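Colleague: Thanks for sending this over. Could you walk me through it, one question at a time?

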Amino acid sequence: MTPMIPILLLLMAPDTLGYWQQRAAYHITAALDEPAGVLVGHARITYVNRSPDTLRDFFVHQYLNAFRPGSRWAAADAAEGRVRFQRLRDPDYAFERITNASLMGERARPDYPYAPDSTIAHWALPRPLVPGDSVVVEIDWRARPSTLPRRQGRQGRRLDFAQWYPKVVVYDRWGWQDHPLYPAGEFYGEFATYDVMLDLPQDQVIGATGVVVEGDPGWEHAKVDPRLRIDYQRGWYGPRVPGAGCGAVATGRKCIHFHAEQVHHFAFSLNPRYVYDEGRYGDVVVRALYLPEDSATWGKGIAVRNTEVALAWLDSLYGKFAWPTLTNVHRIEGGGTEFPMMVMDGSAGLGLIIHEVGHNYTMGILANNEWREAFLDEGFTSFQTSWFFERHAGRSEYPTLEADVLMLDLDRWSEPVSMPSERFRDFFTYNQMVYDKAQLFYEQLRYVVGDETMRRILRAYYARWKLKHVDEDAFREVAEQVSRQDVKWLFGQWLHGTPLIDYSLKRVRRSPQADGRWLTSVTLERKGDGFMPVEIGTQGRGGEGDTIYARATGQPALERVEFTTAKRPGPLMLDPRVRAHDYNMLNNRERHGLVGVGGGWTLRIDDPFQETVRRDRGVRGLLPVIWSNDFGGVTVGVRERANYLGRYNRALVLGTVATRGGASQVLGLYGRWSNPIGQLQPRTETSVAAWFVEGRAGGKIQVDHALRPRLVDAADPHVGFDALWMATTDLGYLDRRLWDDAGTVEGGPWVSTTRTLGTAVLRARLGAHAGVAYWNPGPGIVANNRYDFEAFGRFAGEASVRTPSWGARLFAGAYLGSSDPVRQRRISIAGADPYETFTNPLLRSRGALLVRPDFHYQAPGGANLRGFRPDLGGRWAVAVNLEATPWVLRRDQGILRGLGLEAFGDAGVVDTTALPSSPPGQWYTTLYDIGVGLMTRHQVKELAWTMRLEVPLAVNRWDDARDFTAGDKRFAFRWQVSVGTSF
């Protein structure tokens, strides 16, 4: 009985005594003109002012007007690049037009305070409505759903009517909630009684909010089981008022009368092809309406059973369902939408049904304002859906959910979850925050208070606030009273801020006690600006569960926690279950020895096809490597690849040994380190590299900052800076066609952008380097410290467009200096320059596997005149690359993902340093090539690559072709291969 005491005290607490809500009753009659898709209706709305305020205005929603040009919804779509309702034309767009209205017996035309948006209609009342007084409003209107479905829609004789009538705006303690409808955010309705009489074609089958008190909804004819005795529940609300029902209808028509109480919306769906199925959960009759072709996924009781399972789960969390029936219909649109006593689903999947039925509790019965505090609806529903699968299927969404939200937090895409829906940066951010991060908030509350207390919170919340309007304060007060904890800090951080949480394990001391037990003292440091309770324990291995010894509050900057165990505890860590949302778990483990061996890293054999990523620690992967070149011979080595979260503390370290006896540089080392988690730079990639390998030494610093203001933008602009030193150290490794015995120190900025337009991808990049080139001492130079050097500038820009079937690229590059550029810094004519290919050991040195004299490999880059020799380069070049690729095979599975034919052509003008002009005397040289080829695309796990086999059939300077054989002319058979796209 002890766990029930807080609930009993809570139910007796007078916390809702000051609460009030308005009272409304709708009497609606409407007739459907099915060919036009137009519903003509009349509503008599009785509205009682139960607030302490005197009202002088009256507002209704006309939500269907959102789904048409000129609405705020359409404007928000246009601003974010979505094309939906703003381009619809009559008769495809939706509307809801008031044709006549009277208030307090006086006719009046509405005005539209948010014009041109017309989703809110307003009247000034003829006289003030004092507390306790009532007003009768009569409205005639016409309504039509749009042919493009979104929470409503029409498709032939199939119609989903949602938010289709003049719906009274909620007046609460904050005043009139006269809020236009936007794509982000949903609805807020006043609890009311609905009497709805619909005049429809005789053969229509209908599912709706409420119970059928009169007329034929078509279920008897549509029932899938002829033996089923349909429970219409006609008497659920008691006897009908005489004379208040359906009247006479025309031949071929019928009237269906629905009644519902204590609901804040009425929706319905029509389709003469609906099939009807029925079930029951306790006193609740479950109805399913679906299409005959859906029998494999909705039929055989699947939709009914899944709806019953949802009700059973939600009743176990909250309490008894508040209404007599629940109807589940297969709507036109995919996904799902919730209404009181009704859900419209795009499938009968268990997860979707649990989510949408869940909205009947955390929106329908616990009626929050869905646009002001969407987390009380969407996040809550996602949380209780995830909890179901964790409990019944043994699969938890938490690890994936937490990791996804963490990446948004680290890049500072996250925004406070509690913001009004339309104020989020964009629709994508709205969804990420009010569904995913809000779900994580409830998971964190559950972590803080425990599973059993969380259940008691939900039941108490439901018992106190069912069939009332709720808000954050209402839920928090219940949570605090039931848990007997102050959780304002949790609500404040997770709902109203975007803090980052980081803890470090500073010190562990273990002391044996006289009774044989062990006393352990743990000191932890709070390094982030947010805080959470932090568990201290060990991670289970080999299928064993985690062991939790203690929990720190997580609030002080330094906190010391002691606990006693029967045995000496093993290596400890903070947050072994990853529940504190600690972004840097590399510092969460106990370290050993003078140099801190252990810590947050694990070592494994690297998978070359897929990088292993872990949330709770960094991963170092070792892989043996081997290649060869002329001077070093066979070169063997070990590569270590490291990462944390797949993005941070990334490292690539390569140690090599050359086995050829005459090689002067036997040992080689290359290292690159990027994005330290301890130095967070949101939306910025940083890296530092250094090398001494195969006759070259150098270092590089790179910074890449993303400028995209929104994740959903079609354009992805970046700015960056590179600084590079590269020097030759051993001539034996160098291909002297590509390298001079020299070095450069250079650096400069660059800008780039990528934009997606449908299936086309547009890219552009412009970069500039300024630096110094120096030549190493050569023959005849006496002093070892004497170097020749000069300043230079190097500029390159390119722009390209690529579709699945064709592509085009424009390139321009220039070198400015008083002397000719050293070979490695010339503007490359036929492909990538030596600095770009340096990190690839198969291309780096003389005689490497892909640059042998008898093998023709094309490394894309530079002017990319791909039919020419790779050593060509000069002071400047301008080129155009064109390519067409009709695909013979394209698929999403298997190693071979695509097979296509290729036709290409490249043309450009280059300076005469690269090639003498023809005829002589010109200041430029014209080059072109034309060819065909075969392109294949492959993928193994995460590793994807493209292979090209190309035949440059025509090369205008054929003696400088990549594959030149004596006797060749302009047209000849030539070949080359590449691993990579041409641009």
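Colleague: Which residues in α9 do Trp313, Asp315, Ser316 and Leu317 in α4 meet?

Modeller: Happy to start there. This is a predicted model, where local features need pLDDT of at least 70 and side-chain atom pairs count only at pLDDT 80 or more, while totals for chains, interfaces and linings use all residues. Helices here are DSSP runs of H or I with at least four residues, strands are runs of E with at least two, and both are numbered from the N terminus. With contact meaning heavy atoms within 4.5 Å, those α4 residues meet Arg455, Leu458 and Arg459 in α9.

Colleague: Is α4 roughly parallel or roughly perpendicular to α9?

Modeller: The axes are lines fitted to C-alpha atoms, for helices over the stretch in contact, and angles run from 0 to 180 degrees between N-to-C directions. For α4 and α9 the angle is about 95 degrees, with the axes 8 Å apart. Angles under 35 degrees count as roughly parallel, over 145 as roughly antiparallel, 65 to 115 as roughly perpendicular and the rest as oblique. That makes α4, relative to α9, roughly perpendicular.

Colleague: Which residues of α9 make the contact with α6?

Modeller: Helix α6 (residues 378–392) packs against helix α9 (residues 451–465) at about 135 degrees, with axes 14 Å apart, and so α6 counts as oblique to α9. On the α6 side, the contact is made by Phe380, Phe383, Trp387 and Arg391. Their counterparts in α9 are Asp451, Met454, Arg455, Leu458 and Tyr461.

Colleague: Back to α4 for a moment: is Thr307 buried or exposed?

Modeller: Thr307 lies in helix α4 (residues 302–317). Setting aside its neighbours within four places in sequence, Thr307 is in contact with Val286, Leu326, Asn328, Ile353 and Val357. Buried means under 20% relative accessible area, exposed over 50%, and partly exposed in between, using a 1.4 Å probe and protein chains only. Thr307 has a relative accessible area of 0%, so this residue is buried.

Colleague: Which elements do the buried residues of α7 pack against?

Modeller: Residues are numbered from 1 along each chain as its sequence is written, and side-chain values use heavy atoms, with hydrogens and water left out. Helix α7 runs over residues 398–410 and spans 18 Å from its first C-alpha to its last, close to the 18 Å expected at 1.5 Å a residue. Its buried residues include Tyr398, Leu401, Val405 and Leu408. The buried residues of α7 pack against α8 (427–449) and β36 (648–658).

Colleague: Which residue in the turn between β4 and β5 has a positive phi?

Modeller: Strand β4 (residues 95–103) pairs in the antiparallel sense with β7 (residues 134–144) over eight bridges, and with β5 (residues 106–107) over two. Leu103 has a bridge partner in each, Val137 in β7 and Glu106 in β5. β4 and β5 form a hairpin with two residues between them, and the one with a positive phi, about 55 degrees, is Met104.

Colleague: Last one: how far apart are the C-alpha atoms of Ala723 and Pro749?

Modeller: Ala723 sits in strand β40 (residues 715–728) and counts as partly exposed, because its relative accessibility is 23%. Beyond its neighbours within four places in sequence, its contacts are Gly699, Lys700, Ile701, Glu746 and Gly747. Ala723 and Pro749 are 26 residues apart along the chain, and their C-alpha atoms are separated by 9.0 Å.

Conventions
The expected span of a helix is 1.5 Å times one less than its number of residues. Two strands pair if DSSP finds at least two bridges between them.
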